[in-house]
Amino acid sequence: MTEEAIITDEMRAVIGKEAEPLTVEVDKTAIRWFARAVGHTDLVFYDEAYAKSKGHRSIICPPGFLGHAIHTPDKPTNIVGNSVKRPPAIPGLKLMRLLNGGTEFEYYGEDICAGDTLKSVSKIADLRERTGGLGRMLILTTESNFFNAEGKLVATERGTGIMY
Amino acid sequence: MADQIYFEDVNVGDEIPKLVKNCTTQQLVMWAAGSGDMYQIHYDKDIAAGNGLPGVIVHGALKNAFLGQMLHDWIRDEGQIKKYNCQYRGMDVPGQDIICRGVITAKRQENGKSLVDLDIWTEKPDGEKTSPGKATVILPSRG
C-alpha cells in the first residue's frame, strides 16, 4: 500500500517564491537582551561608547541575532505560537509538530549595528520528505536575506525545520 | 580577555578554546524573550512531557548562538565570522554542561582575506555531539 505523499504539487509550488519583505529594525535593547540571554561577555554588544572605541558605529549584532522573530498582532503565529516570519504559508500541510533541525548564518563583512534598518526577504528554499526516528517527516529549508539601507546584502540565515 | 589571534598563529588540527555552558531554566526563559521563540517545550515541563520529552529542553538556536559566542571570543576584535552553522541532532537539558568546541580543518586565502575553516560542535559531558556544524572565519594577518 502506498502512503499519500506529504508534499503535494500545491506545496511544491511555493518553493523559491519570495515572501513580502519585512523591515528589521536593529535595536539596542533587543541586542542587549539577546547578548545577555546567550551570556556574552564582550562589551561590544552592550556598551555603545566601548563599541565606538572599537571602530563600530554602535553596539553590534551578536552572531545569530538576526534569526529572531518579528511579531505584530495582525500577522499569524505558527503552531507553537511563534510569529510567522516567513510567509508564504505552506498550503495543505497536515503535519503538526515542529522541531528545529539546524541553523546557518552567513555574513558579508559589513558591520550590522544598532540603529540600522534592514530589509529581510525570505523564501522556502526546499521541501523534502524523509522517514526517520519520528516517522514520516517534512524537511523544510528556509532562506532569509538581509539587506542594509544601501541595498547591500549583509547577512543570510538558512534554517531547517522538521515537521512530523 | 585574550589577546588578538592572527592567521599565522593557527594551524590545521588546532583546537580552539572551549566554551562551557550550563543552562538554568531562567536562561531558557531569557532566550525565549531574546529570540522571540515562545515554544513551551523550553519552559513548561508539562507541555514538554506531553510532547514525549523527558522535561524542558535547551533551544537549538541557543546552542547555535553559543557556538557563535565561542567563535567571537576566539577571533576577538579584528576577526570576523563569515559563516557558521550547526544541525540539532541531540537534545540538551538544563543543568548539564554543554561543551562548545572547534577544530581547525583548513587555512586558505580568498580575495585577499585569510580564512580559517573549522568543524564546530556542542557535546555533552559523555562526549555525544548534539549540534555538529562548520564555520569559516576571517582572521587578521601579521602581513
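**Strands, helices and a contact between two chains**

Author: In this predicted model, strand S3 (residues 97-110) of chain B runs antiparallel to strand S4 (residues 113-123) of chain B, and 11 bridges join them.

Reader: How do you know that S3(B) and S4(B) count as paired strands?

Author: Pairing takes at least two bridges between two strands, and here there are 11. One example is B:Ala106, whose bridge partner in S4(B) is B:Asp117.

Reader: Which strands pair across the two chains?

Author: S2(A) and strand S2 (residues 80-87) of chain B run antiparallel, with 5 bridges joining them. Since pairing asks for at least two, they qualify. A:Gly102, for instance, has B:Gln87 as its bridge partner in S2(B).

Reader: How many residues does each chain bring to the contact?

Author: Chain A brings 29 residues and chain B brings 30. On the side of chain A that touches chain B, the elements giving two or more residues are helix H2 (28-38) and strand S2 (98-107) of chain A. S2(A) gives the most, with 8 residues. By type, that side of chain A divides into 10 nonpolar, 14 polar and 5 charged residues.

Reader: Why say that the buried residues of H2(A) line one face?

Author: Start with who they are: A:Ile31, A:Phe34, A:Ala35, A:Ala37 and A:Val38 are buried in H2(A). Seen down the helix axis, the buried residues fall within an arc of 160 degrees, so they line one face of H2(A). What covers them includes helix H1 (25-35) and H3 of chain B.

Reader: What makes H3(B) "largely enclosed"?

Author: A residue is buried if 20 or more other C-beta atoms lie within 10 Å of its own. In H3(B), 15 of the 16 residues are buried, so the helix is largely enclosed by the rest of the structure.

Reader: How do you know that the span of helix H3 (residues 60-75) of chain B agrees with what it should be?

Author: At 1.5 Å a residue, its 16 residues should span 22 Å. The end C-alpha atoms are 23 Å apart, which agrees. H3(B) is followed by B:Arg76, whose phi is positive, near 60 degrees.

How values were computed: Residues are numbered from 1 along each chain as its sequence is written. Chains are lettered from A and ligands numbered from 1 in the order in which they are written. This is a predicted model: local features need pLDDT of at least 70, side-chain atom pairs count only at pLDDT 80 or more; totals for chains, interfaces and linings use all residues. Helices (H or I, at least four residues) and strands (E, at least two) are DSSP runs, numbered from the N terminus. The expected span of a helix is 1.5 Å times one less than its number of residues. A residue is buried if 20 or more other C-beta atoms lie within 10 Å of its own, exposed if 12 or fewer, and partly exposed in between; C-beta atoms are placed from the backbone. Two residues are in contact if their C-beta atoms, placed from the backbone, lie within 7 Å. Ala, Val, Leu, Ile, Met, Phe, Trp, Tyr, Cys and Pro count as nonpolar, Asp, Glu, Lys and Arg as charged, and the others, Gly among them, as polar. The arc is that of the directions from the helix axis to the C-beta atoms.
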